[in-house]
Amino acid sequence: MQLRRVKILGTGKYLPSQKITDEELDQRLGVPAGWVNKITGVGVRHYVGEGETASYMGARAAEAALANAGLRFSDIDCLVCTSGTKEQPLPSTAVWIQKAMGQETSGVPAFDIDATCLSFLTGLDVLSYMVDAGRYRHVLLVATEVASVGLNWKDKESAALFGDGAAAVVIGPSHTNDASQIIYTSMRTYSQGAHYSEIPGGGTKYHPDLPHIPVEEPFRFHMDGQGIFRMASRLLPEFMEELFTRSGTKMQDFKVVIPHQGSAMAMRLLCRKLGISQEQLMNITPNHGNTIASSIPMGLHEAIQQGRIQRGERMLLLGTAAGLSLGGMVLDY
């Protein structure tokens, strides 16, 4: 067991101003009416507008989470951005979120954790140990994603899938009389799937000044949806069996299951392979799309706001990410 006496104190969310419907994307992609909805199961996703940077969205979600927790920024000991996209290569996006919150003189440590779509789950896992150990008391975790700028419109399936947005969670110690706790986390990476989901450019491998590099392609998102689907289908059952065995749980124990909102196909796969009931499933895909690492904390926020989960009830955070990585966390809210 990996028991940590850590509590989710507050959550917040920010969706950008532009609402993009499936019908609009049908026209933009030049596909038959209804194609986007059939492939993605989204309906509406949001794109950033003027002034809506990753740090701006993250700051607004963070402020909402602090208000929800009844805390001020002065109560925070550490700010971590848990996102799969970056506002710029240097410095970390967490630095810009701190600045966008008007806290640039606070001295609160700010850094990023990136595990693509599992960044929030990874950040929550890592920082929960620091809270449990007393290194930090209150930690602000922020996932903020601008997917829309890196879409490859020639890759119609992935281009139709993604949305922008941010979510934030404040964690702190769980007191003796609190039922809240993190019970167990499992993470696995199988790098034979590394090329199934990637943006090759933007780092040190490909530089835009190099003459032999195509102008756009390495800097756009590439996804082999079928490859991810086949690999995840093969790996998930054994991964979940181990997660349940080590945590001493079974699927029926969870009041709510909050998956990474990858796609309609991914959600169907999870439900079919793992026996997740519709009553358990937290599905925000139809009005958010795939918001990368923001999707799990957005689902968490919505589950709490909608009364789908109450204090002391058990939930499962679950997802896949580029890598190919699998992650799951069992916790009592």
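Q: Which residue with a positive phi follows H4?
A: This is a predicted model. In it, phi is near 75 degrees, a positive value, at the residue that follows H4. That residue is Gly 102.

Q: Which residues of helix H4 (residues 93-100) are buried, and why do they count as lying on the same side of H4?
A: The buried residues are Thr 93, Ala 94, Ile 97 and Gln 98. They lie on the same side of H4 because the arc they cover around the axis is only 145 degrees.

Q: What do the buried residues of H4 pack against?
A: One partner is a helix, H3 (54-69). The strands are E4 (78-81), E5 (110-112) and E6 (139-145).

Q: Is Ala 160 buried or exposed?
A: Ala 160 sits in the loop between helix H6 (156-159) and strand E7 (165-173). Its relative accessibility is 0%, and buried means under 20%. Therefore Ala 160 counts as buried.

Q: How many Å apart in space are Ala 160 and Ile 39, C-alpha to C-alpha?
A: Beyond its neighbours within four places in sequence, Ala 160 is in contact with residues including Val 36 and Thr 40. In sequence, Ala 160 and Ile 39 are 121 residues apart. In space, their C-alpha atoms are separated by 8.4 Å.

Q: Are helix H7 and helix H8 roughly parallel or roughly antiparallel?
A: H7 (residues 225-247) and H8 (residues 264-274) pack with axes 10 Å apart, at an angle of about 25 degrees. Angles under 35 degrees count as roughly parallel. So H7 and H8 are roughly parallel.

Q: How many residues of the contact of H7 with H8 are nonpolar?
A: Phe 229 and Leu 236 of H7 are among the residues making the contact, as are Leu 269 and Leu 270 of H8. Three residues of the contact are polar and two are charged. The nonpolar ones number nine.

Definitions and conventions
Residues numbered from 1 in each chain as written. Predicted model: local features only at pLDDT ≥ 70, side-chain atom pairs only at ≥ 80, totals over all residues. Heavy atoms only, no water. Helix = DSSP H or I, 4+ residues; strand = E, 2+ residues; numbered from the N terminus. Buried < 20%, exposed > 50% of the residue type's maximum accessible area, 1.4 Å probe, protein only. Contact = heavy atoms within 4.5 Å. Arc of directions from axis to C-beta. Axes fitted to C-alpha atoms, helices over the stretch in contact; angles between N-to-C directions. Parallel < 35°, antiparallel > 145°, perpendicular 65-115°, else oblique. Nonpolar A, V, L, I, M, F, W, Y, C, P; charged D, E, K, R; others polar.
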